[in-house]
Structure formats: structure tokens, C-alpha cells
Amino acid sequence: MCGIVGYIGNREAQGILIGGLKRLEYRGYDSAGVATLNSTGELTNIRAQGKVAQLAELQVKNRKTDSIGIGHTRWATHGAPSVKNAHPHTVGRITLVHNGIIENYQDLKHILVDKGYEFQSDTDTEVLAGLIDSLYSDDTNLLDAVLGALRLVVGAYGLAVIAHDTPDQIIVARSGSPLIIGLDDEETFIASDASALIGHTDQVLYLKEGEVAVCKAGDVQLYDIKANPLSAAVETLEADMQAIQKEGYEHFLLKEIHEQPDTLRATLAGRLHLDTMTASLGGINMTAEELRAVKNIVIVGCGTANYAGQLASYFIEQFTDDISVRVEIASELRYRSFHVADNTVALIVSQSGETADTLACLGELKRRGVRCLGIVNAVGSSIAREVDGGVYVHVGPEISVASSKAFTSQVAAMVLFGLVVAQAKGIGAKELAEYVQELDRLPFEIEKVINTVEDSVAHLAKEYASYEHALYMGRDTLYPVALEGALKLKEISYIQAEGHAAGELKHGPIALVDDSFFEVALIADNWLYEKSLSNLIEVNARGGHVIAITNSQKPIEAEAVVQLNTDLTVFVPLLFNVVLQLFAYYVSLERGNDVDQPRNLAKSVTVE
Ligand code: M6R
């Protein structure tokens, strides 16, 4: 979703800002812009609809040596993607970039229009610029004007503001949308996402909710909304350039699919103990007694994180006999009247740690006194900071908008939590050892699947890439995998794809089977094999174009079959999922789509 960068120092700001915006491209956007000020306060604001590359072309014609500036990639909310709606927005002496939504912007706009302000764009952001300008008089400094405006707005913001008559400072503010400040000797960097800071500095300060900062070259001063000074805690950013480069892969998604054996190993490292055949989690901050008392788990997330939760719920209920797990879509839960039973632990699942709906549920659950644990990837993100404890999944930056390695490790992290609870509740040593051994082998098995099926899946993808509709079906643990596989395909190929519980097909979806559809049948070699096969046969009988994916060695009649050779039994759904990731990738490639930045999507959905 929208991205913010800022720079103040002794070098040319334009290039640094555009470089930063390129790093934020993966978040998804539809226009971009950068504004810089020279030492006399003259503003250069260049904006382009489309990609940052187009902005970079404009910059060549408008090159400035200014050493202070702000930049933005916009994902349209108020007003269509266009140059006039692109940030930065200037009103009077104020230029700003903004992530989030100002909910009362219409009311504020009416007040400002009555005062004589005119607005060029359809955005809420331009109104905010007008509001700050209206409060920025000769006897008010910029900080007071920004604080005054923020006290009047309702909504969410991550904000970077410059004023034309004070070209030595950038004011940034955070409420509901993340911002990070990077510090070096004589330079200060601002970004909404740490990936834009990598390579510039590793000394960073995560702005907390409600904080406002005055950034000068190499210096920052923090305030609360009432202008009280706050102390700043600078941390070391632990990420490197290697992690945000494609390393020879054509796309980040393909790289991230291939990384899964290693990223999964990173999730399990230090948490799975083969010597004692046990699992442990350092960051959940729960005693054995507290773990024993857990009776209910509620898992909250959006999109892929929700499907990871659905899959994990099957495993966790298998490990214990007195825990019930429910999985909630965050955007639904936050507005529903819901009840949480006693002895509930919430698992808040998010790769980015910034998803607005998930964050809102975290707040609501905490307000009800529920212990909330994060299953998060982005270190230092909002969710990671606000939970009572949690498990970092440690998969490194996930750049492709379509999530892959995060899903696998989110499931693994929740499985670890399930095992830790089961241990506290006295799971048998033999059963526990089986789970531990399988989990330990999972990275190797994923590697094997990628090595053995990638070529044939790529070939298959070519054959099915021209369809416009697809049905994915699976039973038991393969049902959430069907949902996730269908999501992956629709996100990056734009093929309409639906996931279903295979047993539900005859209750409706089977009516869709015709020549414009293909079907993906996930068939596990387990006690449900015959039932899954029957569902496939029913589709075959109606002339379906079925791709069967199975770990059974028995022959299956289908238009195409992908065979997995593995002796895993419990965690085998994660292998099926890797096949579906590869399939979606190669279909998207074949259709010539922008694999890593699919249309209309954002990596980090920071507005609801
Ligand atoms: O950062 P989060 O895990 O909270 O993101 C949740 C969803 O927005 C995300 O999983 C989305 O569905 C992906 N595009 C899926 O590939």
C-alpha cells in the first residue's frame, strides 16, 4: 500500500528518494512523486501516474541538487490514480505525503473552503495540507501547526511534512500507519518500511503510535501530541541488501518460493529440539501453568494469514484433546459482536505486522483482556510491538505481493505453539516425537518437491494458462490449502479461482463445471483418499478438466496428475501448497502479468 520516504542531509535528495520509492514498489501503488526544497525554500514537486520508473524519467528533466525532500507511492483510496491525486500535495507553504485515511476530511474541507482555500485534487491528504497551512501563521512554528492539525483530524496517518520557509526540517507523525527514522552522522532518512533504509543506515528509530518527530540532518527530536518532548530509543536494524535482491531469479515470488526450505529452517531453529524431541518458544511469555490452562485459541488474520490459521487449526486440535480453535477473518471480527470464552489465547497472524484490520482486532481483543500472541514476520512492526508475546517467523523480507514463504512459516510457528501447549498438557512422548521428527524433515521435503516437480508444473501451467476460471478442492487439511492455492492463482494470474471443501462441491459449485473451467483436486493418501477420489470422479463425469495433485502412488484418472513422493503424513499439506505456489507463478508468467506487483493489490494493507 502507500509508501513514504524522506531525506535531509548533505546529498542530492531526489535520487535517494526515488531509490527509496523503488524499494517500496513491492507494496503496491499506482502513482508516485517526490518534492524537494532548495536552501531558499523553492519547491520542486514531480509526480507521475504509473511506475516509479516514469517518475525517474521526469526527474532527469527536472534534476535538482536540493538536499531535503519527501516522496510517496500512492495506492488510490480517495480519488482515481492520476497525477493530480498523486502525493506530495502542496497547499500554501505546506507540502506533505500521507499514508492512511483522514475520515473527517469532508468536514474539514468545508471549513477550509469557507476560509478561501481551493483544492486541486480529490484527496483527503490535500485537505490535511490545507489544515496545517491554515494553522501555520507567523507566530506559530511548523511543529505547533502540525500538532494543531493532528488534534483536529479523525483517522489514520503516517505523515511527512515540509514547509517552504523552513528548509531545514521534516516533521513526521504516526497514528495507525508505520514510520521509521534512520539516522547517520549528518543525514536523516524517513521511510514507512525498513526496506527503504537498508544500505543507508542500520541505526533506526521506530515511531510509536501518537508520536511526532522533528527531523533535521543527523538529528531527531520526538514529541507527543501535546508537544511534550520524549526520549528516542535508537535500535539496530537487522536486515541486509542480499535479502531484498532477486539473486538471479526472474521474480521475487519465484525466489521466495525457492527460499522456503531455508526460511522454514529459520522458523524452526532453536525451537525444535531433536535431542529431547520437544519444542519450545522463547517469546510467548507464558508459564507451563498458563499453557496448561489454555482451553481455546482464536486465530486472527487476513488473506493468506487467515488461511495459514485455518490450516494450523486442524493441526493444533489434533495435538490436544481439550482445546478448541476458531479462526477469524480480521475485517469481520473487528465489527462483529463476538464472545471470547475464558482461558482463550489469541494468535494474531500477519506477515507485515501492519495490516489495519488485524491490528484493530488485536486492540479489541486486548481491550477484552485476552492474551494476544503475535505470529509476525516484520520485526518491530506495529503488531509485534503491541502483542503480549509471540513468535517471529523469521522468513526475512517478503517482497512479492503474493505471499508464499510467510504462509509456510506462519503455519509452522502456529504448529510449534500447538506443540508447546500440548507438551504442557502432557502429550505422549511418542506422539510428540513423531510430530517433531516430521517438522524437522519438512524443509528437506519442500526442497525435494521443488526439485522434482517444478519443471512439470511449469509445463502444466502453460497448458492451463488460457482458462479464465478454476475450482480448487480439498478435504480436511487440504481444504485450507485449496483456499490458499486459489487465492494465489487469482492474485497473480487474474483467473477467477475458487477454493472449496471437496465434499461441498455437490452442494452447489459442481454446477459450474464446463469447458471454461479447470479443476484442481488435492488428494491426500490418507483415510479420506476414497472420498476425495469420488469427488474427483464426479467432476470427471461432468467433463471437467481436472489436475490432480496427490501423494498417493495409486494411479488416478485425471487430465493431468502431479505426483508427490514423500513419506510425510502429518505436514504433507504444506508440500501440496508449494506445488500450488509454483503453478500460480508459472500461469502468471505465461499470461505475461506483473508477477510481483499484481494489479490493484498492495503488500501491506494499512487501511481498512
Ligand atoms: O501482512 P499480512 O500477513 O497481515 O497480510 C495479510 C494479507 O493482506 C495477505 O496475506 C494477502 O492476502 C496476500 N496478498 C496474499 O498473497
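Predicted model: local features only at pLDDT ≥ 70, side-chain atom pairs only at ≥ 80, totals over all residues.

Reader: Which residue does K488 form a salt bridge with?

Author: Here's the general idea: side chains of opposite charge can pair when their charged atoms come close. In this model E484 is the partner of K488, and their closest N and O atoms are 2.9 Å apart. E484 counts as buried too, because its relative accessibility is 0%.

Reader: Where do E484 and K488 sit in the chain?

Author: Both belong to helix α14 (residues 478-493). They are 4 residues apart there, so about one helical turn separates them.

Reader: How many salt bridges does a search of the whole structure find?

Author: The search turns up 29 salt bridges. Let's look at K255, which forms one with E259; the closest N and O atoms in that pair are 3.4 Å apart. K255 and E259 lie 4 residues apart in helix α6 (residues 252-268), so they are separated by about one helical turn. K255 is buried, because its relative accessible area is 1%.

Reader: Which other residue forms a salt bridge with E259?

Author: That's K405, with closest N and O atoms 2.7 Å apart. E259 lies in helix α6 and K405 in helix α12 (residues 405-424), so this pair ties together parts that are 146 residues apart in sequence. Both E259 and K405 are buried.

Reader: Which residues are linked in a network of salt bridges?

Author: Look for R441, E445, K448 and D567: salt bridges link these four in a network.

Reader: Let's move on to rings. How many aromatic pairs are there?

Author: The general idea is that a pair of aromatic rings is described by the distance of the centres and the angle of the planes. The count here comes to 9 aromatic pairs. Take Y117 and F119: their ring centres are 6.5 Å apart and their planes are at 20°. The cut-off for stacked is planes under 30 degrees apart, so the pair of Y117 and F119 is stacked. Y117 is buried, with a relative accessible area of 19%, and F119 counts as buried at 16% relative accessibility.

Reader: What about F518 and F583: what angle do their planes make?

Author: Their planes are at 80°, and the ring centres are 5.9 Å apart, so this pair is edge-to-face. The pair also links distant parts of the chain: F518 is in strand β25 (residues 517-523) and F583 is in helix α16 (residues 573-590), 65 residues apart. F518 counts as buried at 0% relative accessibility, as does F583 at 4%. Ring pairs join F518 and F583 with Y464 and Y467 in a cluster.

Reader: What should I look for in the backbone?

Author: In general, most residues other than glycine have a negative phi, and most peptide bonds are trans. Now find H87 and P88, which are joined by a cis peptide bond with omega of about 0°. P88 lies in the loop between β4 (68-74) and β5 (89-91).

Reader: Where is H394, and what is its phi near?

Author: H394 is in the loop between β22 (389-392) and α12. Its phi is near 60°, a positive value in a residue other than glycine. H394 counts as partly exposed, because its relative accessibility is 39%. Another residue to look at is N600, with a positive phi near 65°. N600 lies in the segment after α16 and counts as exposed at 64% relative accessibility.

Reader: Last one: which residues form a negative surface patch?

Author: The patch is made up of D184, D185, E186 and D202. You'll find D184 in the loop between β9 (180-183) and β10 (188-191). D184 counts as partly exposed, because its relative accessibility is 34%.

Terms used
Residues numbered from 1 in each chain as written. Heavy atoms only, no water. Patch = residues over 30% accessible without salt bridge, like charges linked within 9 Å, V, L, I, M, F, W, Y side chains within 5 Å. Areas by Shrake-Rupley, 256 points an atom, 1.4 Å probe, with all protein chains shown as cover. Salt bridge = Lys/Arg side-chain N within 4 Å of Asp/Glu carboxyl O. Lys, Arg positive; Asp, Glu negative; His and termini not counted. Charge placed at Lys NZ, Arg CZ, Asp CG, Glu CD. Helix = DSSP H or I, 4+ residues; strand = E, 2+ residues; numbered from the N terminus. Buried < 20%, exposed > 50% of the residue type's maximum accessible area, 1.4 Å probe, protein only. Phe/Tyr/Trp six-rings, centres within 6.5 Å; stacked < 30°, edge-to-face > 60°.
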